[in-house]
Amino acid sequence: MKRIFGGKKEDPPPTVQDATETINKRGENVDEKIRKLDAELTRYKEQIKKTRPGPAQEAVKARAMRVLKQKRMYEGQRDMLYNQTFNLDQVAFAAEGIKDAQQTMAAMKSANKELKGMMKTVKIQDIDSMQDEMMDLMDVSTEIQESLGRSYNVPDDIDEEELMGKLDALEADMGTEIESDAMPSYLQPDNEPNLDAEINLPGVQPNQQNAQAEDELGLPAAPKASIRS
């Protein structure tokens, strides 16, 4: 009969996200009711403060107590809704982790298959053989460079001590040339000779031989005649 007339289609089961959204909406409604009850409790508190003790005040307290009980009930419902939301979040997190693991496994399987195909075209023996050939070619290249860089007409059996002796002699010759390049004596400033020291007359001290006697006025004194006995 169902094949002929058709049956009622079943709705797909709700997802974790749908359930979470539904619970969140219920939680918002409960929060709104709790806010209204808080406002009502605040109003009753003001009335209790303004009302004198008596039947009127007791009636206000009874209404406030009823509102407080409703608030506690809604708060319990809100806590249960929060717990359900937390559980759904945990389930969603676990489901996302499994999906990520599935994608990772699929990617690794694909990479593994591709890597196996690539490894078939590469052999370690070929790599080792190529490395050996490269080393041989580098050695041959080094020998060629050394051969091309060899100097001509240079004997192989050169005595290093002999070369060092020639080098020292060359340095000595260079030092002699530097001394000969100094300023000649005839171009050097003359030092005036001390004639007094060279003459050194008897009985006359240096720097006094050419000095002339002076009188009391500072004029040259007349020479005195020598008196012979």
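1. Leaving aside neighbours within four places in sequence, Gln57 is in contact (heavy atoms within 4.5 Å) with Ile48, Thr51 and Arg52. Gln57 lies in helix H3, where helices (H or I, at least four residues) and strands (E, at least two) are DSSP runs, numbered from the N terminus. Gln57 is buried, with a relative accessible area of 11%; buried means under 20% relative accessible area, exposed over 50% and partly exposed in between, with a 1.4 Å probe and protein chains only.

2. The model is a predicted one, in which local features need pLDDT of at least 70 and side-chain atom pairs count only at pLDDT 80 or more, while totals for chains, interfaces and linings use all residues. Residues are numbered from 1 along each chain as its sequence is written, and side-chain values use heavy atoms, with hydrogens and water left out.

3. The protein has six helices and zero strands, and from the N terminus on its elements run α-α-α-α-α-α. Of the 229 residues of the protein, 9% count as buried. Among contacts between residues at least 6 apart in sequence, 58% join residues at least 24 apart.

4. Helix H2 (residues 16–50) and helix H3 (residues 55–120) pack at an angle of about 160 degrees, with their axes 8 Å apart; axes are lines fitted to C-alpha atoms, for helices over the stretch in contact, and angles run from 0 to 180 degrees between N-to-C directions. That makes H2 roughly antiparallel to H3, a term for angles over 145 degrees. The residues of the contact of H2 with H3 divide into 19 nonpolar, nine polar and 11 charged, with Ala, Val, Leu, Ile, Met, Phe, Trp, Tyr, Cys and Pro counted as nonpolar, Asp, Glu, Lys and Arg as charged, and the others, Gly among them, as polar.

5. Not counting residues up to four places away in sequence, Val60 touches Tyr44, Gln47 and Ile48.

6. Thr20 is found in helix H2 and is buried, with a relative accessible area of 12%.

Key: Angles under 35 degrees count as roughly parallel, over 145 as roughly antiparallel, 65 to 115 as roughly perpendicular and the rest as oblique.
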